[in-house]
Each structure stands twice: as structure tokens, then as C-alpha cells.
Amino acid sequence: HEKCSKCVVLTITELENYTDGDGDSNSTAEAAATPAEAGPANFDKAIEGAGFGLFNLMLLIVSIPAQSAAIFESSSMSYILPVAECDLRLTLEDKGVLNAVAYAGMTISAVAWGYLADTKGRKKILYWGYLVDAVCVFGSALSQNFIMLVVFKFLGGLVVNGPAAVLFTYLTEMHGPKHRSSVLMIVGMVTSTATVTLPLLAWGIFPRDWDFVIFGLNIHSWQIYLFVLGIPSLVSGIIFCFMPESPRFLMAQGRNEEALQAFQQIYQMNTRKPKDSYPIKVLVQEVPNRKATKDEAIYTIDEKSAEEPTKPQGRTLLESLRAGLQQMKPLARKPLLGLAICCYVMQFGIFLGMNTIRLWLPQLFASMAEYEALYAGQDVDASMCTVLEFSVNRTAETALNYAEACAEPKLISMDMYINNIIVSATGFVGYFFAGGIIRALGPKRMMTYGLFLSGTFGLVLYFSVNSLMTLIISAIFLTITGIAVSSLLGAVVALFPTQLRTVVVAIAMMCGRFGALSGNLLFPVFVQIGCLPPFIMVSSVLLLSGTLSIFVPNPAKATFS
């Protein structure tokens, strides 16, 4: 731009005036075309100048085990419940606790991780988070009793929540506007692939007769399964040790020299050229130079004064939180207050319904397979209520009469694994069509229709008469609900002002995880009351979310910027 060439230092507000309709900087193309830039470059221009190549490919490759680790941490317990029932002497309530405990850790750690990510940097959170999570997963693999497993799963949820959230931020901050949407699409595919990987690994490991003692610890096949699921966390932590810090974070902290070095490192890997040939020589000073205080949290962006501060003023945790709360004040007033509460309640309901069914499905399929094998050749009714009653009785029998119920190793039918693989694969396929469906119907209609359909299918599960019908209904239910979640998060991004989007999404995810925690604790309680109550719970919260979605403004007509 002509005006840009006359400026020595630009503020962020001024830079935003030079963006076109799709968010791309109008000077992005110049970054690649000009051998050297005379004026200061903003982040988008600098990251485009670093190119797209080997570094970005490595980043996407490392995102595969990293994102898989988060999915494994929250979902692995559902697959070991039928297998570990005898080894851990699990009651129905114990199974609910194991399904829910990782979400408890994720819920209470959300705010702390957000603060740490904004003060300590993305890289530290990523490599320390995944390495510590690997320790927690390996600890759960060595668990000898229920309490030990609960503790390690809680710690795992507590720890993995940080790097899992920061991963998305890190990936977007390492790519220019041109590639960001594609990168997030790939991460979504990785998430879907990870959900299919869980039953595939269970299929490969659980049928093996792996029971042995090492260093006085009893090891079974389900513990080998958990150990394998810890490898992605370990690999991710090690690789992130060698990745650069996010230059977006460094610029926001006023550490432009380090940010420029990070850009040069990316440029060198992508182009195979010397770092000195990187075309950007000066970066826009977003905040006063913070070279002396690397871990300081900076929440406001002021215009750089002519005089450079001689000593940066550090902030305490309390001051930083107070500044953050000040920024969130608009969320406590109309019109955003009602909209925010509506989104939080919807996220709570969607996650409660979706994750309750998703995490109890492996147990339901295992009970169905056991019931059908036990009464093979007889004209018996394998309805949902019959199987649930059978599952409750078998679990109670295992807990009360352990010696007799667990005298022989429990054999899990192949149908259990195949059914779970089909359900996960259906969600994976549905993900590819989600974008087209949302574009055709619009995000608001997709969200409303999807939630009402999900609530309907959640209740229809109660009327299932055999395993095939359960398989079909549950696969459709989880696929539609997953698309509704994407629609809701997309609406949140479109409906809230830019400076509030991150915090609204973070609170919404926290409400969602609390919903998953609540649903998995309540499900075994309602099952013991009767067959219908758990399905009424799932259906009602989804129908409530669908009703609330009617009052959510159409994201396509959003007026916030």
C-alpha cells in the first residue's frame, strides 16, 4: 500500500484497516514478491514471507499424534470398561466415574491453562504438557486398582487440556490467512481418524492373552492398550521441544527480535535458503519492547511512544486477571449476556447428550454381544431395555460375587469391536459432508435441525429391538450431533466481537466438558432407576438446546466485527 510505505511504526488498529474482506492482508502477495522489505511488516506479511513448505508439513505431521493424544485421553476409558470389569471389580457407578473423570480435570483446569499459555508461551505449554500427559497415561497403564486409575485419569485430563487447546492456536499462528482454514480442516480429519483408531487398537490388543507380572505389577491386555495410547503424547512432547515459539505470541509480547528469528528459522526450512535472505527485516512494534521480561502477560495493545521505556512494568497474576475481567465486561451486559448464556447452555446440553451415548456405547455393544451369545439359538428379545437390565445385573454380580463371576477370563465378542468401528467410521465420513451440508442449509438451520433430530434419535434408542437397530441409530445420532457442535462453535465465532471470541469459546468448551462429566455420572444412576430415564435425560437436553438455537441470531447476518 502507498500509505504503508510512508509509515515507520503502525499500530494494530491501523494494520487492520488494510485487510480485505476475507481477512487476508492486501500486502501479503508483496511479501513473497519483494526481495527485501524496507518498512516494518505485520504478522500476516511476515508469515507469508516465510513461505509454505517443509516446516508446515512437519507441523501438520506432529499435529497427528498431538491431537490424537487429546482424543485418547478423553475416550479411552469407554473401551476398557467391559474388559477391566473383573480386574478392577467395577460397579456401574465406577464405570460412570471412569468415563467422567478426565472431563473433570479438563473442566477445572481451563482458566489456568489459558493464563499460562498467554504468559509462558505456546511452545512450553505444548512440550511440557504432552510430556507430563505421557507420564499420566503410562501411570494409568500401570494402575492396579480403581482409585489409582481414577487419579491418573483425572491428572491426565487436567494436564492434556492445556496443550490440546494451545495446539489449535499454535497451528493457526504458524500459517498465514491463505492456509489457516485448510490446516484446521486437516486437524478435524485427524480428530475423526483418532476416534476410529481407538476401536481398531482395541480390536487388535484386547483379544490377546497378555497377562503377566513385571516388578510385582499385574499387567493385562487393557493396560497394554493404555500404554500404547500414551505413545502419541510422548512423541508429541519430544518433537515440540525442537519447534520454534509462535512468532505471533512473541510479537504480542513485544519480543520482536525473537519473533524475527522464528520467522527466519521457518523461512530457512521452507526455502532451503540462508536465514539472512529472509525478505522481512523489521517487524511492526505491537507493544513496547519487553525484552527483559519474557514471561509477562500483556493484555492491551497501545500505540508505541517515541520514547522507549527503560524498564518494563511487570504484572502480577492478580493484575493480569483483573485486566482480563475488565476486557470481558461486555459479556455481562446486553445484548451479549443473553446470547452468551444461551450458547453456554446449548454447549452443556449437546456435550451431555453426545458424550453420554458415545462413551457408554462400547459397554452397551459388549453387553449386547454377551447377551446374544448367551442366548444364541433361542427366540429372545435383545431390546435396549433387556440388554441394559442384563448389563446392570451382570455388573452387580461381578461386584458382589467376584470369585464366581470372574473365575474364567471374560471373552469379548468381535461384534463389539466391529460395531464401535462402524460408528466411529460413520462420524468420519459424516465430517466430509458436514461442510457442504452447513453451506447448503446455513449454520443456524443446520444447528437447529441437527439438534432436534439428535434429540429425537436419542429417544428412539430406547425403542431399539436388536443390536443392528442400535448400531444404525447410534451412528446417525453421533454423526448429526457432531455436526451440530461444529455449527454452534462456528456461530460463536461469527456472533461475538473479535476480542471476546476466544474467551467465549473457552467458557463454552468448559460448559461442554461439565456437561459430559454430568451425563456420564448420571447415566448409571438413571439406568438403575429404570430403562427410560437415561434416554429421557439425553433427549431432553438436546431438544432444549434445539429450542434455544431458534433464538440464536443467524451467523450469516452477524453485525459484530
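This is a predicted model: local features need pLDDT of at least 70, side-chain atom pairs count only at pLDDT 80 or more; totals for chains, interfaces and linings use all residues.
Reader: Cysteines first. How many disulfides does a search of the whole structure find?
Author: One. A disulfide here is a pair of cysteine sulfur atoms within 2.5 Å.

Reader: Which cysteines form it?
Author: Cys385 and Cys531, with sulfur atoms 2.0 Å apart. The link is left-handed, at -90° about the S-S bond.

Reader: Which parts does the pair tie together?
Author: Cys385 sits in helix α15 (residues 384-400), and Cys531 in the loop between α20 (498-529) and α21 (532-550), so the bond joins parts 146 residues apart in sequence. Helices (H or I, at least four residues) and strands (E, at least two) are DSSP runs, numbered from the N terminus.

Reader: Is Cys531 buried or exposed?
Author: Buried, at 16% relative accessible area. Cys385 counts as partly exposed, at 24%. The cut-offs: buried is under 20% relative accessible area, exposed is over 50%, and partly exposed is in between (1.4 Å probe, protein chains only).

Reader: New topic. How many residues are in the largest nonpolar core?
Author: It has 79 residues. Those with the most contacts inside it are Ile80, Phe206, Trp222, Tyr225, Leu226 and Phe496. A nonpolar core is a set of buried Ala, Val, Leu, Ile, Met, Phe, Trp, Tyr and Cys residues joined through side-chain atoms within 4.5 Å.

Reader: Which helix gives the most to this core?
Author: Helix α14 (residues 336-374), with 18 residues.

Reader: What does Trp222 touch?
Author: Leaving out residues up to four places away in sequence, Trp222 touches Ile80, Val83, Ala84, Asp87, Leu88, Ser140, Ser143, Leu149 and Phe206. Contact means heavy atoms within 4.5 Å.

Reader: What about another core?
Author: A core of 37 residues lies apart from the largest one. Its members include Ala46, Ala66, Trp113 and Leu260.

Reader: Now the surface. Which residues form a nonpolar patch there?
Author: Val429, Phe432, Phe433, Ile437, Leu441 and Tyr449. Together they have about 570 Å² of accessible area. Accessible areas come from the Shrake-Rupley method with a 1.4 Å probe; for residues, only the protein chains shown count as cover.

Reader: What is the rule for patches?
Author: Patches take residues with over 30% relative accessible area and no salt bridge; like charges are joined within 9 Å, and nonpolar side chains (Val, Leu, Ile, Met, Phe, Trp, Tyr) within 5 Å.

Reader: Where does the largest share of the nonpolar patch come from?
Author: Helix α17 (residues 414-441) supplies five residues. Val429 is in that helix and is partly exposed, with a relative accessible area of 43%.

Reader: Salt bridges next. How many is the count?
Author: Five. The rule is a side-chain nitrogen of Lys or Arg within 4 Å of a carboxyl oxygen of Asp or Glu.

Reader: What does Glu85 meet in a salt bridge?
Author: Lys95, at 3.1 Å, N to O. The pair links helix α5 (residues 77-88), which holds Glu85, to helix α6 (residues 92-119), which holds Lys95; the two residues are ten residues apart. Glu85 is buried at 4% relative accessibility, and Lys95 is buried at 0%.

Reader: And which residue pairs with Glu370?
Author: Arg394, in a salt bridge of 2.6 Å, N to O. Glu370 is in helix α14 and Arg394 in helix α15, 24 residues apart. Glu370 is partly exposed at 23%, and Arg394 is partly exposed at 30%.

Reader: Last one. Where does Thr448 lie?
Author: In helix α18 (residues 443-460). Thr448 is buried, with a relative accessible area of 10%. Not counting residues up to four places away in sequence, Thr448 touches Gly546, Ser549 and Ile550.

Technical notes
Residues are numbered from 1 along each chain as its sequence is written. Side-chain values use heavy atoms; hydrogens and water are left out.
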